[in-house]
Amino acid sequence: SSFARMFVQVCLYFYCKCLWRCLKFVVRKLTGQCELQRICYNTKPGAARTMKIEASLKGSKSKRLQTSVNVHPDAIEKTIDDIMELKRINPDINPQLGVSLQACLLQIVGYRNLIAEVEKLRREPYDSENPQHEEMLLKLWKCLKPNSPLKARISKQWCEIGFQGDDPKTDFRGMGLLGLYNLVYFAEWDTEIAQQVLTDSLHPKYSQLSKAEWEKKKFDKAIGYSFAIVGINITDLAYNLLVSGALKTHFYNVAPEAPTLTHFQQTFCYLMHEFHKFWIDEDPLDIMEFNRVREKFYKRILRQLQNPEMALCPHFAASESLINM
């Protein structure tokens, strides 16, 4: 009966596919518009529109439409012309359609390229012989501890900002340079918030919550955490959201064209800030509960990203320069 079940599922799949194609044909005849036109004219710009366009192109029976989501950014204009020709759409009568499709394709192709850029950074190991890597690491210290000079490159002081030992290079193994890039971006562009989160992570009972709020929540533990190690862990969380496609909702809503590495780092800043508040609210018994809290936080972000209107951090300090572009 497993074969029978499989046979029924295959038949159902082909039936639905044929039915869907027939339905699309009928709707086109009735409206005089192809699916791409209907999406662009009836769905407002942002994630809802771009994700529908992406699904329509990928699900097309035309190979040219399927591959349009994988073109080089420089070939997008030519690709739009090809799509209009294939769909027999007159660009002079539908000038706005070409503009809308181009914006969507820039986002779709840009997201794919961003994954490649992030992956390259993640795969590049920290090299203490590389002056640029060392310079970034020292910049992290200066941004977070401007009034405490680092006495030596190999030093127990690194533990003060949440590294595990006296040489941070060993802590970057999981996320490579990506972890360092994110931490430096947070410390440099949201210095005040980053320093506050670092202070709170070391002394959570003295965080920005008022005494009345602490009393109300009846905190008796207030467990801290290692700032830098958590930053690398949240980098992993952001990376998983990106490669799974979950961040499409956010990026397609905040990036008018192709999302960039800066958009990704801005999102990391937001996640660090939100995770810190989430950790305080969860009030874990000890640091061994980190994975449980992280998983709960991850699921909450995933739920938020299921909303096509969702933009995680349009208000966040690090995003102001992007919003004003």
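## Salt bridges within helices

Glu119 is buried at 15% relative accessibility, where buried means under 20% relative accessible area, exposed over 50% and partly exposed in between (1.4 Å probe, protein chains only). Its partner in a salt bridge is Arg123, with the closest N and O atoms 2.7 Å apart; Arg123 counts as exposed at 62%. A salt bridge is a side-chain nitrogen of Lys or Arg within 4 Å of a carboxyl oxygen of Asp or Glu. Both residues lie in helix 6, 4 residues apart, about one turn of the helix. Helices (H or I, at least four residues) are DSSP runs, numbered from the N terminus.

The model is predicted: local features need pLDDT of at least 70, side-chain atom pairs count only at pLDDT 80 or more, and totals for chains, interfaces and linings use all residues. Residues are numbered from 1 along each chain as its sequence is written, and side-chain values use heavy atoms, with hydrogens and water left out.

Glu54 and Lys58 form another salt bridge, their closest N and O atoms being 3.4 Å apart. They sit 4 residues apart in helix 3 (residues 47-58), a separation of about one helical turn. Glu54 is buried at 6% relative accessibility, while Lys58 is partly exposed at 47%. The structure holds 16 salt bridges.

## A link between helices 11 and 14

Arg294 and Asp236 meet through their side chains in a salt bridge (2.9 Å, N to O). This pair links distant parts of the chain, with Arg294 in helix 14 and Asp236 in helix 11, 58 residues apart. Arg294 is buried, with a relative accessible area of 12%; Asp236 is partly exposed, at 26%.

## The buried side of helix 14

Helix 14 (residues 290-305) has buried residues Phe290, Val293, Arg294, Phe297, Tyr298, Ile301 and Leu305. They cover an arc of only 135° around the axis, and so lie on the same side of helix 14; the arc is that of the directions from the helix axis to the C-beta atoms. Their cover includes helix 11 (227-243), helix 12 (248-254) and helix 13 (261-282).

## Nonpolar core

The largest nonpolar core has 83 residues, and those with the most contacts inside it include Ile53, Leu101 and Phe264. Such a core is a set of buried Ala, Val, Leu, Ile, Met, Phe, Trp, Tyr and Cys residues joined through side-chain atoms within 4.5 Å. Helix 6 (residues 95-123) supplies its largest share, 11 residues.

Leaving out residues up to four places away in sequence, Ile53 touches Leu36, Ile39, Cys40, Leu101, Cys104 and Ile108, where contact means heavy atoms within 4.5 Å.

How values were computed
Helices (H or I, at least four residues) and strands (E, at least two) are DSSP runs, numbered from the N terminus.
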